[in-house]
Amino acid sequence: MRHYLLMLIMVSSTIISAQPNPNLEIKNGSISGRVIDAQLNEPIPYVNVIVKDLEKKIITGGITDTDGTFTVTKIPEGTINIEITFIGYKTILKQEAIGKGNYDINLGNIFLEEDAQSLDEVTVVAETSTIQQKIDRKVINIGKDLTTSGPTASDIMNNIPSVNVDQQTGDIALRGNQNVQVMVDGKLSNIPAAQLLKQIPSTSIKQIELITNPSAKYNPEGMSGIINIILHKNVNIGFNGNLNVGLGYQIEPKFNSSIDMNYRNGKLNFYGSYGNNISRNRNTGILNQTEADITQTFNFLDDRRSHLFKIGIDYYLNDAHTLSFFTNQNIFDGGTLGETELFFNNNPSNDQVQTFDNINENNSQQYNGNYKYNINDEGHNLELEVDHNIFDNDLETLNRFMGSGARPNFDEFTNTQRNRTTINLDYTNPISETIKLEAGLQARIFDNNIKYNSDARVRNQSGNYIPTQTVFNYERNIYSAYFTYGKQLEKWSYKFGARAESVQVDALALDTDLTNNNVTTFPFENNYFQIYPSAFVTYNPTEKNSYQFSYSRRVDRPGVGQVNPIPEFNTPLISQFGNPELEPQFTNSLEVNYTRNLEKGSITGGVFYRLIEDEINQGVFVDRADLGSGRVILTNDNFDNTSAYGVEISSNYRPTKWWSLNASFDLYVRKQTGFAESLDPTINNPTESDIIVSDVEVTNTIYNFRVFNNFKVTKSLSLSAFAMYRGPDTGLNFEMEPMYFVNLGLRYNFLDEDRATFSLNFNNVLDTQEIAIVSERPFRQTVSFEPEFKTIFAGLSYRFGGGKYRAKSRKQRDNNEKEGGGFM
């Protein structure tokens, strides 16, 4: 727009000069000056100086040099408005007149003051976490109180309203449902979510967004929505960085550390980071099949070493054009050493022991390039982003068996190669101060290849164990376009949009009997076209009250693990496989929220309703290859349509200057329908005809309560206490019993400007936390696990560097809510 205005001015000048005019002295003017920090009395580089006419249309502009000076030329005669703006500082407005005797105006020294409300420097972290309800998401601003909760993102997730982390597997759920997309800075990763959360240091997290009803701009995956982890990105001028180390212990040690650095000078911004997670984790459990009087014990030692590297560069060509590139490199080396014992209590001579040694090595690579064109300074821009992920994993498992009637030993070798390429083209146009238009195109190319070899895992029809090879290829290409339109009225605002997607799925599994080279093929195709609408309406009758209503349609596409026919794990009584013919489930979601701003905090309450089509759920099936053994198969299948609804209440409140708290309560009612198989274990020599298939309908009420207290003892010392109660969770085949625990923490800041922080926390201080499961299908059985819940963690963080002034961020997609950079 600025260029068009300049062209119009030039054309107009040419026309005017061609006319008879007695005034031949008309000429352009200039303004100059120097911008200085009012507190430090030092010059500020890269400050925006914008020149507008009386109708607030941009005429021209410039930026300050490294010494804070600026000169803007070719300003036409007349009265002009001058805006001097810089992130984190209050805007200066001046009005001057360019004319006879006043063509070259020197504004002198201009002093900028910091704006505490907009200051968002990476080294400034709030003491207390806060919760904001925005039009389409809930934003948790992570303060020092939550980062004290533990060393990784996984440790603090249970403190977040509506979020639960499985303490055994690390799987994350939103509103009681694990069909959720986990993103980092608005991007998906090839690293499994449970592993990813344990690799992100909690001190690197700036915000966590709970997008339970995403707009059409976002990919529609995830039945319960999106959890977007936004990391700190240091864009200060000069050299800056952060260093974090931590050590946890109960039975085994757990160490993590990270360092991130940034150098910004002129038009270039370089940043890099390194982080590691080196830990050993012990987990024990017991399974009882009460009717068959069989007991199975578990003893696992998980050993992991993870290293993440990130290097990036931003190149600011000028105010309009920015180029960015970064790469993430993740190296993981770990494994699990386990022993499981099987006791036949009514016939001890059949007791068995299985040991396994699992060795897992993988490398994950991400390459991201971004070009952004700012058409004007009002948020009108075009952005192109290309993101490519590579994942290569080698898994080796050595299974050994002992005891009367035990099966032969066997080894398993699995190689996984996965590639994902995403191309985004986004266009944003604030048509006016109250209207915003967004549109975009996207292509996602996903290719997954798994090759599995085993020397004696599978039984043939004769009952003999044979060597096998399984190759599984899974390709999924998605092409989409979206459009959103938003408008702000006096007290109302709304945003409507739709996303259209064309999906092509092509899968092929090849099972080969290596004894005679017989090959069995299992092809699968699923091509479909869907439109996903979204709508958001907000009403703000007063400054203290806000209402939000939203609707969206979403899809949960099967993950690779859910469709992979290669076994995820094997024990004498349980094996888990994927289902290649699994189809996506679709969700229509309605949500209403109310926010009340209080004098000392805020409270948000909401209700939601979800209708789920072709629900994906886990089923328990009798192992037909080994009837009578008590073995069951865990896999996924599509079940009937189902529904869920619930209520959530969350609040952050500061009763006194030294005490603040975040509390939340959520309750969900979920109806599930499906089928389950069962077999009477007392039947001798059972056949398939003895298997009973029954329709199952379960209405499950899940509720959680959590409260986080932060006590400021002195200016430097703070204490924290977190308590959580999780009610029973009933599924189609399992019921998880209630869980409750209390965690305590301490944080101490020291050195100049509180550059260093020492934290200490003690989890599960009452020793009440455990995992207990009861199942009625296909057999009556109870399961309990006790991972290392009662851990002590000590951490130290230190920030260094002297940069004071911040450069503009690399990218500002969707109102700065998807910033790049940071640790990942």
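Author: The protein exposes about 36200 Å², of which carbon and sulfur atoms supply 55%, the areas coming from the Shrake-Rupley method with a 1.4 Å probe. This is a predicted model, in which local features need pLDDT of at least 70 and side-chain atom pairs count only at pLDDT 80 or more, while totals for chains, interfaces and linings use all residues. Residues are numbered from 1 along each chain as its sequence is written, and side-chain values use heavy atoms, with hydrogens and water left out.

Reader: What makes β5 and β6 a pair of strands?

Author: Two strands pair if DSSP finds at least two bridges between them, a strand being a DSSP run of E with at least two residues. Seven bridges join β5 (residues 78-85) to the antiparallel β6, so the two meet the definition of a pair. Within this pairing, I80 stands opposite E96 in β6.

Reader: Why are β3 and β6 said to stand at the edges?

Author: The open sheet has four strands in the order β3-β2-β5-β6, with antiparallel pairing. Because β3 (58-63) and β6 (92-98) each have a single partner strand, one side of each is left without a neighbour in the sheet.

Reader: What is the largest nonpolar core, and which residues touch the most other members?

Author: A nonpolar core is a set of buried (under 20% relative accessible area, 1.4 Å probe, protein chains only) Ala, Val, Leu, Ile, Met, Phe, Trp, Tyr and Cys residues joined through side-chain atoms within 4.5 Å. The largest has 23 residues, of which M157, I172, I205, I208 and I227 touch the most other members. A second, separate core of 22 residues includes F356, I574, L634 and V783.

Note on methods
Buried means under 20% relative accessible area, exposed over 50%, partly exposed in between (1.4 Å probe, protein chains only).
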